[in-house]
Amino acid sequence: MTEPLSELEIGLIGFALTLLIFAVQGFISVLLEGRELHLGRVRPRLTNPLSMAIVIFSMLLLVIAGFLGYGIAVGWEPYLIGTLAGLGSIDMALLLVFYKEGFVGSEAHFDERDDGVPW
């Protein structure tokens with residue numbers, strides 16, 4: 001049996017997974033919007049492949065949650081329950097990336113200021 005991870009190792013893995021999620025979101029944005037950034041509001045764009053990705057990742061999350069609940073009830077090993085919980089968290093993060101691209105659009109935009117300040 002291997003030794004458990006230290007706090008530093010868990011933190012580094014969490015940091016790496018966070019960067020991975022941002023990279024996936026960036027790749028999806030480049031795929032949908034292109035490489036050039038356009039100022040202004042971007043409307044939500046729910047396409048068929050994006051809808052299918054949302055459905056697939058939602059069903060996968062439901063399956064993982066079912067196995068996780070069953071594993072907790074039956075008393076599976078902690079490493080297996082932790083693995084399922086981690087996979088569910090990654091699946092949920094990717095699902096939220098797809099949801100954001102399909103339903104929210106751009107959250108930030110630049111407004112013209114008319115308050116008399118010259119800059």
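This is a predicted model: local features need pLDDT of at least 70, side-chain atom pairs count only at pLDDT 80 or more; totals for chains, interfaces and linings use all residues.
Visitor: Hi! Where does Ala65 sit?

Visitor: How far is Gly88 from Ala65 in space?
Guide: Their C-alpha atoms are 7.1 Å apart, although 23 residues separate the two in sequence.

Visitor: Back to the helix. What span does H2 reach?
Guide: With 27 residues, H2 reaches 39 Å from its first C-alpha to its last, close to the 39 Å expected at 1.5 Å a residue. After H2 comes Gly75, which has a positive phi near 95 degrees.

Visitor: Which residues of H2 are buried?
Guide: They are Leu50, Ala53, Ile54, Leu61, Ile64, Leu68 and Gly71.

Visitor: Which residues make up the largest nonpolar core?
Guide: That core has 10 residues, including Leu50, Ala53, Ile54 and Leu61, along with Ile21, Ile28 and Phe98. H1 (7–33), H2 and H3 (78–104) each supply at least two residues of this core.

Visitor: New topic: what volume does the largest pocket have?
Guide: Its volume is about 440 Å³. The pocket is lined by 13 residues, and the closest to its centre are Leu5, Ile10, Tyr79, Gly82 and Thr83.

Visitor: Which element gives the largest share of that lining?
Guide: H3 does, with five residues.

Visitor: And what classes of residue line the pocket?
Guide: The lining has eight nonpolar and five polar residues, with no charged ones.

Key:
Residues are numbered from 1 along each chain as its sequence is written. Side-chain values use heavy atoms; hydrogens and water are left out. Helices (H or I, at least four residues) and strands (E, at least two) are DSSP runs, numbered from the N terminus. The expected span of a helix is 1.5 Å times one less than its number of residues. Buried means under 20% relative accessible area, exposed over 50%, partly exposed in between (1.4 Å probe, protein chains only). A nonpolar core is a set of buried Ala, Val, Leu, Ile, Met, Phe, Trp, Tyr and Cys residues joined through side-chain atoms within 4.5 Å. On a 1 Å grid over the protein atoms alone, a cavity is a set of points where a 1.4 Å probe fits but cannot get out, and a pocket is an open set with protein on both sides within 12 Å along at least five of seven lines; lining residues have an atom within 4 Å of a point. Grid points are joined across faces, edges and corners, and a volume is the space filled by probe spheres set on the points. Ala, Val, Leu, Ile, Met, Phe, Trp, Tyr, Cys and Pro count as nonpolar, Asp, Glu, Lys and Arg as charged, and the others, Gly among them, as polar.
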